[in-house]
Amino acid sequence: MLTRTVFRPRIFNFNRLLHSSSRINRQLFDPSTVERVSEDVDVCIVGAGPAGLSTAIRLKQLEQKLGKEFRVVVLEKGAEVGSHILSGAVIEPRALDELLPDWALRDDHPLTQSATSSHMRFLTKSLSIPIPHPPQMSNQGNYIVSLSRFAAWLGSVAEEMGVEVYPGFAGAGVVYADDGSVAGVRTNEVGLDRLGCMKESFEPGMEFRAKITLIAEGAHGSIAKELIQNFDLRRNSDPQTYGIGLKEVWRVDPTQYRPGEVVHTMGWPLDFRTYGGGWVYHMADGLVSLGLVIGLDYANPYLSPYKEFQRMKHHPYFAQLLSGNSTRVAYGGRSLNEGGLQAVPQLYFPGGALVGCSAGFVNIAKIKGTHNAMKSGMLAAEAAAAVLSQDSSSGPADMSKYETALKNSWVWSDLNEVRNLRESFHTPLGIWGGIMYSGVDSLLLKGRTPWTFRNRARLTDAQHTQPAYRFRPINYPPPQPPLSTDLLTSLTLTGTNHAEEQPVHLRVRKDGVEDTALRKLHVQRNVSEYAGLLQRACPAGVYEYIEDETAADGWNGHKLVINSQNCIHCKLCDIKVPTQDITWTVPEGGGGPKYTIT
C-alpha cells in the first residue's frame, strides 16, 4: 500500500535549496521543474464510491475467472472511504445481488434495516395530506442505509480481494499521452501555501499511469468535467441538470421511531415554481434520515436551500417526528444528477470511461441511483477486463463496448421508462402540467411513448436563474433550536476541515482566465443582477459578498470572500452561479467533510 511518506518527491536540487519555513524564502511552485513519482497500473479508478468500488471488485472477480492478474488502484479524495459520501439513502439491492450474491451472509454488512412501508404526502403550510405514490417509488425489497457506511463496507471488501484503495489521494488532473488520449491521472500537490509557494512539507502529486482510467467521482466531478469538455462527450446528449440534497440524521424519541418506514413529501415549503421534495427514512438503531432536494433550475436568486430545509422541519408533521427526546447527529449536502437518460453523455473516451454519477444514472422517479451506478461499474469492469486480456499495446484502450453493454442492460431500461418525468417540468405545461404528466406517465404509460422530451434550448441550471429585480426577497424565519439552527452550527456536524494555508480550491476562473478583472466582473454581475446568489445558495457558508470600499477586485463597495475551509464538496457553486465563473477543484487529499452516518 502506498503512503505519502513511501515515495519521496524527486525535485531538482535548486528547488530543494529554496525550501524554508519562512514565507519570504518560499519558492513559487512550477510544475515544469518537478519530476513526479509515477506508478504503472492496469486500471486506475478515481473515486471510492459505490460505482468505483463495484468496478474494482468486479475486476478482481474477473481476474480470478480469467487467470490474469490486474493491478487495480482506487484513488479517493476523502480521508477515509465513505467520508465524502452522502445520500438518502434507500438502496435497491439488484446490483449488489449480482456483484456479491452472498452479501447477506457476511456478518459485517450494513444493510440491516429493510424498508417496510412506503408513503407519499403533500404538504401545505399546516397540513400533511396522504397521496398515492407512483409504482416506481415502491420500496419492497429495498434497504434503508447510510451510504457512507455502505461505501466503507464495499471498500473493505475490495481491499480483501486485492484492490489497492488509497484514501487521501485526490485525483486532481488528467495525464494525457502524446496522441491526446488519457494515460492516467495525477494526484494533488501537498504542502503549498495560499500563494502557491512550496512549504517545507511540500510533496508534488504522483502520476498513476494506467492502461485504462475509469472516472467515478460522483456528480459534477472536476476530472469528468474536463474530459466531457475535451472529448466533446455531450455532443449528442442534453446538458446535465442537478438538484441539491440537504440531509440531517436524527436520533428520534422512541415514541416517534418506526423502523423501515419510508416517506416522501412534495409541496410546502417550496412554492409552485420550484421543483423538489422532502424525505423521511427510518433507519436502523433509532436513527431517522430526513432531508430536502431542490432542483437547481430554480429561478429565484433569493431562495436559500438551507433555510428552506430548516423551515420544513417546523411543519407539524416534522415537528411531531422530532419532538420529545430527539437529537440531531449529522448534517450534510451534495449535488445529484437529475437529467436522466437524455443527459447521459458518451461514456467512453480514448483510454477510459465514465461510470456511476460521473455519467449520471439517477432514476429521479425512484429517487435512487446507487443500483444503476454499481451496475455501470460492473459493466465497465467487464469491458476493461476484455481489453486487458487482448494483450495488445497498439493505441489507447477502446472502452466502447462498455457503452454498448450498458445500453443493452437493465440500467438503460430503468432510465428509459422514466425519461420524460423530470423533463416534463421544463415543457410549456409548467410545473403543474409536469406533475399531471408525470402521474399519467408513471402510472399508465410507463415510458411507452413515441416521444422524448429534450432540452433543445440546451439551458443549464445556471441559465434558469433570473435577475433579482423580478422577485421579492424571501423573509425566512430565524432559527428556533433545537428544530432549526443557523448554518455554521449545522456545519460543525459535518466535521469538515481543510489544511491551513493551502491554495483556495474554489477558483474564480473562466476560459482559463483568473485575474483581478474577472473577479471584479464576478462581483459586479452577481451583486447587481443576482443579489449575491451564492451567499444564500451555498449550504456551507463558503461565499460572502462583504462591504469593502478599498478592494481592488471589488465593485461598488462590495468584495467576494471565499471561506474555502467550510466547503463540503457539494459542487453547487460550480453548477449554479449565473456567471459560470466558479470552478471547483480538488483540495489537498483528505480535506473536506468527515461523514460517517450519511
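**Notes on salt bridges and a surface patch**

1. Asp 553 and Arg 519 form a salt bridge, with their closest N and O atoms 3.1 Å apart. Because Asp 553 sits in the loop between β23 (543–547) and β24 (558–562) and Arg 519 in helix α13 (residues 516–528), the pair ties together parts 34 residues apart in sequence. Asp 553 is buried at 18% relative accessible area, while Arg 519 counts as partly exposed at 23%. Do keep in mind that this is a predicted model.

2. A salt bridge also joins Arg 328 and Glu 248, at 2.9 Å from N to O. This pair links distant parts of the chain, 80 residues apart: Arg 328 belongs to strand β19 (residues 327–337) and Glu 248 to strand β15 (residues 242–251). Arg 328 is buried, with 14% relative accessible area, and Glu 248 is buried at 0%.

3. Next, have a look at Arg 71, whose salt bridge with Glu 164 has its closest N and O atoms 2.7 Å apart. The partners are 93 residues apart, with Arg 71 in the loop between α2 (50–66) and β4 (72–76) and Glu 164 in strand β9 (residues 164–167). Arg 71 is partly exposed at 25% relative accessible area, whereas Glu 164 is buried at 17%.

4. Arg 26, Asp 193 and Glu 501 are linked in a network of them.

5. Finally, the surface: Phe 272, Trp 432, Ile 435 and Met 436 make a nonpolar patch of about 430 Å². Phe 272 is found in the loop between β16 (261–267) and β17 (276–282), and counts as partly exposed at 42% relative accessibility.

Methods: Residues are numbered from 1 along each chain as its sequence is written. This is a predicted model: local features need pLDDT of at least 70, side-chain atom pairs count only at pLDDT 80 or more; totals for chains, interfaces and linings use all residues. Side-chain values use heavy atoms; hydrogens and water are left out. Patches are made of residues with over 30% relative accessible area and no salt bridge: like charges are joined within 9 Å, nonpolar side chains (Val, Leu, Ile, Met, Phe, Trp, Tyr) within 5 Å. Accessible areas come from the Shrake-Rupley method with a 1.4 Å probe; for residues, only the protein chains shown count as cover. A salt bridge is a side-chain nitrogen of Lys or Arg within 4 Å of a carboxyl oxygen of Asp or Glu. Helices (H or I, at least four residues) and strands (E, at least two) are DSSP runs, numbered from the N terminus. Buried means under 20% relative accessible area, exposed over 50%, partly exposed in between (1.4 Å probe, protein chains only).
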